[in-house]
Amino acid sequence: MRLPVLDNPANAVSAAITGRDYLSHSQITTFQMCPLRWWFHYVAQLPREHLSAGLLFGQAIHAAIEAHHQFLLAGDAEMSTVENLLRAYDEAWALNTGGPLVYGKNEDAANLRDKAMGMLSAFLDDEVSRPAGEIVAIEEEMRSTIGVDIPDLLARLDLLYLSDDAVVIRDFKTSRGLWDEKKVAEAAGQLILYAAMARPITEALTDDGIPLRLEFVVLTKTKVPRIQTLTVEMNVDALARTKAVIRQVWRAMARGHVYPNPSPMHCASCPFTRACRQWSA
Ligand code: SF4
């Protein structure tokens, strides 16, 4: 499903900086985390010195959940077994091209795979794995503009389905622990923005007044995996704030406001630590 895109002069500016005529959520969050890390990855396009195994793990779990929904869409629900989802996990894991893997404390490929098995098993046992309605889109790429002074945004909807009482947009996350209200509030802007971008799709489905429901589904990496389904309220103030943040981030990118923003949490997983040590403005 392709959404209409207007001519946007900021796209050419973005293409001249990063080679991409759009902004993605990943670019925006990387810049917020550390502008220099964003510059190394998206502008200088340096090869990663290594890849965080935790990042690859999240991508592989995501691939397994996508495979599950593809089975449902094809009418092959019985094919969605832990073994088949692990196959999708293994395939995604094998696609790693991000350099040598760096593991967290007490982690290796085998125990992460065991963890994946537990998480996918918990997911299949949870009712959230059986969306009550018609699946409309899986991993749907959307592109739309939020202003001619900002490049088009590129986003991907994990799952959109139509139930009896709502059009549901779901975003899947893996997490070290359970999400609390604060974490939901921090992440809500992304989902609210995606819902705004998906409006042409959802309005076509909701012309009889069925409401829109936004949900995060969190799979925890805890010893006993937990599955959380967390609802986010569509909120015009949060949407306006998210757009304002993106506008400011884009202005900083376009003006070359790049600097290191060291923090123990982010530097530990940064794939550009050597380049960072050698950097000077
Ligand atoms: S090592 Fe830290 S400060 Fe340097 S680029 Fe990476 S995240 Fe930024």
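Which residue in β8 does Phe216 stand opposite? Phe216 stands opposite Leu230. Before going on, a word on the model: it is predicted, so local features need pLDDT of at least 70 and side-chain atom pairs count only at pLDDT 80 or more, while totals for chains, interfaces and linings use all residues. Residues are numbered from 1 along each chain as its sequence is written.

β7 (residues 212-220) and β8 (residues 227-232) pair in the antiparallel sense over six bridges, and they form a hairpin with six residues between them. Strands here are DSSP runs of E with at least two residues, and helices are runs of H or I with at least four, numbered from the N terminus; two strands pair if DSSP finds at least two bridges between them.

Now to the largest nonpolar core, which has 59 residues. Such a core is a set of buried Ala, Val, Leu, Ile, Met, Phe, Trp, Tyr and Cys residues joined through C-beta atoms within 7 Å. A residue is buried if 20 or more other C-beta atoms lie within 10 Å of its own, exposed if 12 or fewer, and partly exposed in between, with C-beta atoms placed from the backbone. Ile61 is among the members that touch the most others. Helix α4 (residues 53-73) gives the largest share, eight residues.

Thr273 counts as partly exposed because it has 13 C-beta neighbours inside 10 Å. The C-alpha atoms of Thr273 and His50 are separated by 9.7 Å, although the two residues are 223 apart along the chain.
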